[in-house]
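The following exercises are to be worked with the sequence and the three-dimensional model at hand. Each task is followed by a solution in steps.

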Amino acid sequence: MFLSPKQVARIIKNEYNCSFSTLITEKRLDIATVMLKNTNMKIADIANQIFSGSETYFYSLFKNKYGVSPLKYRKDIRV
């Protein structure tokens with residue numbers, strides 16, 4: 001692609017209106033919601049798989065974005 005990191009950051013900022021790290025975090029949280037809806041995996045296992053072992057960080061990000069804990073999200077979505 002022959003793009004510098006600054007060029008990639010600018011493209012992401014223009015297209016998604018956020019930083020690269022924020023975009024990656026959002027995509028990871030999207031994957032987590034799919035896993036919470038469609039699997040019976042333990043929430044800790046989802047956190048470890050998606051966020052490389054940082055379960056507390058996952059809980060904090062999830063609750064900040066969705067306003068509920070991952071467990072409550074799973075219970076609400078399955079009702």
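Two residues are in contact when heavy atoms of theirs lie within 4.5 Å. The model examined here is a predicted one.

**Exercise 1. A residue of helix α3**

Task: Determine whether Phe51 is buried or exposed, and list which residues it touches beyond four places in sequence.

Solution. 
Step 1. Locate the residue: Phe51 belongs to helix α3.
Step 2. Classify its accessibility. A residue counts as buried under 20% relative accessible area. Phe51 has 6% relative accessibility and is therefore buried.
Step 3. Collect the contacts, leaving out residues up to four places away in sequence. Phe51 touches Thr25, Arg28, Leu29, Ile46, Tyr57, Phe58 and Leu61.
Step 4. Compare sequence and space for one of these partners. Leu29 and Phe51 stand 22 residues apart in sequence, and their C-alpha atoms are 9.2 Å apart.

**Exercise 2. The pair α2 and α3**

Task: Describe how helices α2 and α3 are arranged, giving the angle at which their axes cross.

Solution. 
Step 1. Two packed helices are described by the angle between their axes and by the distance between the axes.
Step 2. Helix α2 covers residues 20–38 and helix α3 residues 43–51; their axes come within 10 Å and cross at roughly 150°.
Step 3. Angles over 145 degrees count as roughly antiparallel. Helices α2 and α3 are therefore roughly antiparallel to each other.
Step 4. The crossing of α2 past α3 is right-handed.
Step 5. On the α2 side, the contact is made by Thr25, Arg28, Leu29, Ile31, Ala32, Met35 and Leu36; on the α3 side, by Ile43, Ile46, Gln49, Ile50 and Phe51.
Step 6. By class, the residues of this contact of α2 with α3 comprise nine nonpolar, two polar and one charged.

**Exercise 3. The pair α2 and α4**

Task: State at what angle α2 and α4 pack, and which residues make the contact.

Solution. 
Step 1. Helix α4 spans residues 55–66, and α2 packs with α4 at an angle of about 90°, the axes being 11 Å apart.
Step 2. The range from 65 to 115 degrees counts as roughly perpendicular, and α2 and α4 are therefore roughly perpendicular to each other.
Step 3. Helix α2 contributes Thr25, Glu26, Leu29, Asp30, Ala32, Thr33 and Leu36 to the contact, while α4 contributes Tyr57, Phe58, Leu61, Phe62, Lys65 and Tyr66.
Step 4. The contact of α2 with α4 has eight nonpolar, two polar and three charged residues.

**Exercise 4. The pair α2 and α5, and Thr33**

Task: Characterise the crossing of α2 and α5, then examine Thr33 of helix α2.

Solution. 
Step 1. Helix α5 consists of residues 70–77; the axes of α2 and α5 come within 9 Å and cross at roughly 50°.
Step 2. This makes α2 oblique to α5, and the crossing of the two is right-handed.
Step 3. Residues Thr33, Met35, Leu36 and Lys37 of α2 meet Pro70, Tyr73, Arg74 and Ile77 of α5.
Step 4. Five nonpolar, one polar and two charged residues make up the contact of α2 with α5.
Step 5. Thr33 is buried, at 7% relative accessibility.
Step 6. Apart from neighbours within four places in sequence, Thr33 is in contact with Phe62, Tyr66 and Tyr73.

Notes
Residues are numbered from 1 along each chain as its sequence is written. This is a predicted model: local features need pLDDT of at least 70, side-chain atom pairs count only at pLDDT 80 or more; totals for chains, interfaces and linings use all residues. Side-chain values use heavy atoms; hydrogens and water are left out. Axes are lines fitted to C-alpha atoms, for helices over the stretch in contact, and angles run from 0 to 180 degrees between N-to-C directions. Helices (H or I, at least four residues) and strands (E, at least two) are DSSP runs, numbered from the N terminus. Angles under 35 degrees count as roughly parallel, over 145 as roughly antiparallel, 65 to 115 as roughly perpendicular and the rest as oblique. A crossing is left-handed if the near helix is turned anticlockwise from the far one by less than a right angle, and right-handed if clockwise. Ala, Val, Leu, Ile, Met, Phe, Trp, Tyr, Cys and Pro count as nonpolar, Asp, Glu, Lys and Arg as charged, and the others, Gly among them, as polar. Buried means under 20% relative accessible area, exposed over 50%, partly exposed in between (1.4 Å probe, protein chains only).
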